[in-house]
Amino acid sequence: MANELSFKQELTAVFGQPVAENPTQAMVEAAYHHHGLDWRYLTVEVSPADLGVAVAGARAMGFRGFNLTIPHKLAVMKHLDRIGDSARIIGAVNTVVRDGDKLVGENTDGKGFLESLKQHRDPAGTRVLILGAGGAARAIGVELALAGAHAVTIVNRSQDRGKELVAHLRAQTGTKAGYVPWSDAISVPGDSDIVINATSIGLYPDASSPPVDFESLKPEMLIADVIPNPPQTLFLDRAAERGCQTIDGLGMLVNQGRIGIRYWTGVDPDAAVMRESLEALFG
Ligand code: NDP
């Protein structure tokens with residue numbers, strides 16, 4: 001009987017040291033499995049010095065795309081052919097998508113948050129208060145501004161970073177943006193519609209909440225956290241006690257994964273399956 005297997009021009013990847021359990025990998029592969037997609041999502045460690053050759057390798061090996069984490073989000077841009085609009089404004093790429101023979105850089109951090117938020121409220125015309133001025137706050141601030149938020153207020157511990165983000169939002173999106181220093185428990189202005197914790201406070205094993213005067217929260221405010229682990233943070237618990245609707249960071253992570261899978265495969269994956277895989281990991 002003829003054997004149709006052929007081994008031409010192939011190179012088989014063998015990873016002897018898989019990177020420790022990676023939530024994104026678990027979530028993406030759960031979606032592939034659920035939808036019968038014969039795809040793989042592998043996590044490999046790349047040193048900053050090797051980033052250029054790693055991207056060239058991904059090109060040569062026909063990768064349909066890849067994700068990047070810190071410290072590669074900025075440095076990767078010079079190795080790509082095109083940068084999507086919001087990734088260019090944010091100044092960071094966390095997702096690369098092959099379009100024909102071109103590699104396109106996108107940023108799904110803020111887009112994932114936006115998809116999660118839009119299930120509850122349209123951000124157009126809203127006043128948003130963001131706690132934090134790091135990468136997550138920047139991506140979320142840019143996407144909210146592009147989605148038509150009326151005003152974005154940044155509250156951050158280090159003034160330089162907070163003011164720099166405000167200047168960036170004003171210059172790049174034309175939105176009304178302002179900086180408020182964060183010394184003590186912050187009192188949330190009564191006209192705020194959406195309040196977001198975009199700091200790393202509350203990420204496991206830290207069980208604390210960002211210092212906020214919870215008495216200043218009104219039940220009509222929507223409160224969101226970027227922390228995916230644990231999904232139910234102290235910040236969200238305290239906000240719920242004030243009667244506020246809350247959105248957890250797991251939704252943001254799931255939606256980022258969904259957007260990536262849509263970019264790469266064209267399939268819109270089942271969010272519930274992806275969320276279950278993360279809940280199993282985070283317990
Ligand atoms: P960065 O390190 O870029 O920024 C951290 C931010 O948190 C800064 O604004 C920093 O303030 C602030 N911060 C940290 N500790 C304190 C503290 N003790 N008191 C006051 N402010 C503090 O991190 P990222 O923006 O990349 O990530 C932030 C969080 O977002 C992480 O926990 C990450 O897990 C989460 N995340 C979640 C995603 C999701 O899909 N759910 C996606 C991306 C991120 P300062 O500038 O003063 O240092």
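This is a predicted model: local features need pLDDT of at least 70, side-chain atom pairs count only at pLDDT 80 or more; totals for chains, interfaces and linings use all residues.
- Apart from neighbours within four places in sequence, the contacts of Ser116 are Ile247, Gly251, Met252 and Asn255.

**Helix H5 against helix H6**

- Helix H6 comprises residues 135–146, and its axis comes within 7 Å of the axis of H5, with a crossing angle of roughly 60°.
- Because of that angle, H5 is classed as oblique to H6.
- The crossing of H5 past H6 is right-handed.
- On the H5 side, the residues that meet H6 are Asp109, Gly110, Lys111, Phe113, Leu114 and Leu117. On the H6 side, they are Ala139, Ile140, Glu143 and Leu144.
- By class, the residues of this contact of H5 with H6 comprise six nonpolar, one polar and three charged.

- Nine of the 12 residues of H6 are buried, so the helix is largely enclosed by the rest of the structure.
- The buried residues of H6 are Ala137, Arg138, Ala139, Ile140, Gly141, Val142, Glu143, Leu144 and Ala145.
- The cover over these buried residues includes the helices H4 (85–90), H5, H7 (159–173) and H9 (249–265). Strands E5 (127–131) and E8 (194–197) are also included in that cover.
- Just after H6, Gly148 adopts a positive phi of about 95°.

**Helix H1 against helix H10**

- The axes of helix H1 (residues 23–34) and helix H10 (residues 271–282) come within 8 Å, crossing at roughly 140°.
- H1 is therefore oblique to H10, since roughly antiparallel would require an angle over 145 degrees.
- H1 passes H10 in a right-handed crossing.
- H1 contributes Pro23, Ala26, Met27, Ala30, Ala31 and His34 to the contact, while H10 contributes Val273, Met274, Ser277, Leu278, Leu281 and Phe282.
- The residues of this contact of H1 with H10 are 10 nonpolar and two polar, with no charged residue.

**Helix H1 against helix H9**

- H1 also packs against H9: the two axes come within 10 Å and cross at roughly 55°.
- H1 and H9 are therefore oblique to each other.
- The crossing of H1 past H9 is right-handed.
- Met27, Val28, Ala31 and Tyr32 of H1 meet Leu253, Val254, Gly257, Ile261, Trp264 and Thr265 of H9.
- This contact of H1 with H9 holds eight nonpolar and two polar residues, and no charged ones.

**Arg258 in helix H9**

- Arg258 is a residue of helix H9.
- Its relative accessibility is 12%, so Arg258 counts as buried.
- Residues up to four places away in sequence being left out, Arg258 touches Glu115, Gln119, Asp268, Pro269, Ala271 and Met274.

**Leu236 in helix H8**

- Leu236 is found in helix H8, which runs over residues 234–241.
- Leu236 counts as buried because its relative accessibility is 0%.
- Leu236 and Thr246 are 10 residues apart along the chain, and their C-alpha atoms are separated by 6.2 Å.
- Thr246 is also among the residues that Leu236 touches, together with Ile223, Ala224, Asp225, Pro231, Ile247 and Asp248, when residues up to four places away in sequence are not counted.

**Ala198 in the loop between E8 and E9**

- Ala198 lies in the loop that runs between E8 and strand E9 (222–225).
- At 8% relative accessibility, Ala198 is therefore counted as buried.
- Beyond its neighbours within four places in sequence, Ala198 is in contact with Ile130, Leu131, Gly132, Ala136, Ala137 and Val226.

Notes
Residues are numbered from 1 along each chain as its sequence is written. Side-chain values use heavy atoms; hydrogens and water are left out. Contact means heavy atoms within 4.5 Å. Axes are lines fitted to C-alpha atoms, for helices over the stretch in contact, and angles run from 0 to 180 degrees between N-to-C directions. Helices (H or I, at least four residues) and strands (E, at least two) are DSSP runs, numbered from the N terminus. Angles under 35 degrees count as roughly parallel, over 145 as roughly antiparallel, 65 to 115 as roughly perpendicular and the rest as oblique. A crossing is left-handed if the near helix is turned anticlockwise from the far one by less than a right angle, and right-handed if clockwise. Ala, Val, Leu, Ile, Met, Phe, Trp, Tyr, Cys and Pro count as nonpolar, Asp, Glu, Lys and Arg as charged, and the others, Gly among them, as polar. Buried means under 20% relative accessible area, exposed over 50%, partly exposed in between (1.4 Å probe, protein chains only).
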